[in-house]
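This briefing covers the fold, strand pairing, core and domain contact of a single protein chain. Please view the model alongside the text.

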Amino acid sequence: MSEITAYKCQACGYVMYPSHYRCLHCGNREFDEIAPSERGKLLTYTEIWNLPWGIDERSRVIGVVEFDNGVKAMGLLKTDAPKLGMKLAAGWEPVRVIGGEEVYGLVFAPVK
Ligand SMILES: [Zn+2]
């Protein structure tokens, strides 16, 4: 199951994730909701060592993934060996705890 929704501008076709009030390309305010395909490839990544409170790991790898339909999104990578272009499957999982509540975010795991 995927709860990821991206927004496609009805005027110019520009795809945004997450949503914005106006199209970042043409300023239009009418959008169609589309569901990104759940697989994509890794475009770029970075490892973060200074993590906020509420995260137990010593470091995390954050990546930008391009889905098969062209939507790009940033999320947590569940791998210790990220490689550019690697195939990933998207999920929606708790990524940290703030004030006792789980906060959900995009998570990407390598496709085996
Ligand atoms: Zn537009």
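Is Ile62 buried, partly exposed or exposed, and how many other C-beta atoms lie within 10 Å? Ile62 is partly exposed, because 16 other C-beta atoms lie within 10 Å, and a residue is buried at 20 or more such atoms, exposed at 12 or fewer, and partly exposed in between, with C-beta atoms placed from the backbone. The structure is a predicted model, in which local features need pLDDT of at least 70 and side-chain atom pairs count only at pLDDT 80 or more, while totals for chains, interfaces and linings use all residues. Residues are numbered from 1 along each chain as its sequence is written.

**Overall make-up**
- The protein chain has eight strands and zero helices; helices (H or I, at least four residues) and strands (E, at least two) are DSSP runs, numbered from the N terminus.
- Along the principal axes, the C-alpha atoms of the protein chain fill a box of roughly 45 × 35 × 25 Å.
- The protein chain has 112 residues, of which 15% count as buried.
- Among contacts in the protein chain with a separation of 6 or more, 47% come from residues 24 or more positions apart; two residues are in contact if their C-beta atoms, placed from the backbone, lie within 7 Å.

**Surroundings of Ile62**
- Ile62 lies in strand S5.
- Leaving aside neighbours within four places in sequence, Ile62 is in contact with Tyr45, Thr46, Ile48, Met74, Leu76 and Leu77.
- Glu47 is 15 residues from Ile62 along the chain, and their C-alpha atoms are separated by 6.2 Å.

- Strand S5 (residues 60–67) pairs with strand S6 (residues 72–77) in the antiparallel sense over six bridges; two strands pair if DSSP finds at least two bridges between them.
- Val61 stands opposite Leu77 in S6.
- S5 and S6 form a hairpin with four residues between them, and Gly70 in the turn has a positive phi of about 100 degrees.
- S6 also pairs with strand S8 (residues 101–110), in the parallel sense over two bridges.
- Leu76 has Val107 in S8 as its bridge partner.

**The open sheet**
- Three strands, in the order S2-S1-S3, form an open sheet with antiparallel pairing.
- Strand S2 (15–16) and strand S3 (31–34) are the edge strands, each pairing on one side only.
- Strand S1 (residues 6–9) and S3 pair over four bridges in the antiparallel sense, and Cys9 stands opposite Phe31 in S3.

**Nonpolar core**
- The largest nonpolar core has 11 residues, including Ala6, Leu42, Val65, Leu76 and Leu106; such a core is a set of buried Ala, Val, Leu, Ile, Met, Phe, Trp, Tyr and Cys residues joined through C-beta atoms within 7 Å.
- S5, S6, strand S7 (87–98) and S8 are the elements that give two or more residues to this core.
- Not counting residues up to four places away in sequence, Leu106 touches Ile4, Ala73, Gly75, Leu76, Ala90 and Trp92.

**Domains and their contact**
- The protein chain is divided into domain 1 (1–35) and domain 2 (37–110), with bounds that come from an automatic or database domain assignment.
- Six residues from domain 1 and seven residues from domain 2 take part in the contact.
- The side of domain 1 that touches domain 2 has four nonpolar residues, one polar and one charged; Ala, Val, Leu, Ile, Met, Phe, Trp, Tyr, Cys and Pro count as nonpolar, Asp, Glu, Lys and Arg as charged, and the others, Gly among them, as polar.
- The C-alpha centres of domain 1 and domain 2 lie 21 Å apart.
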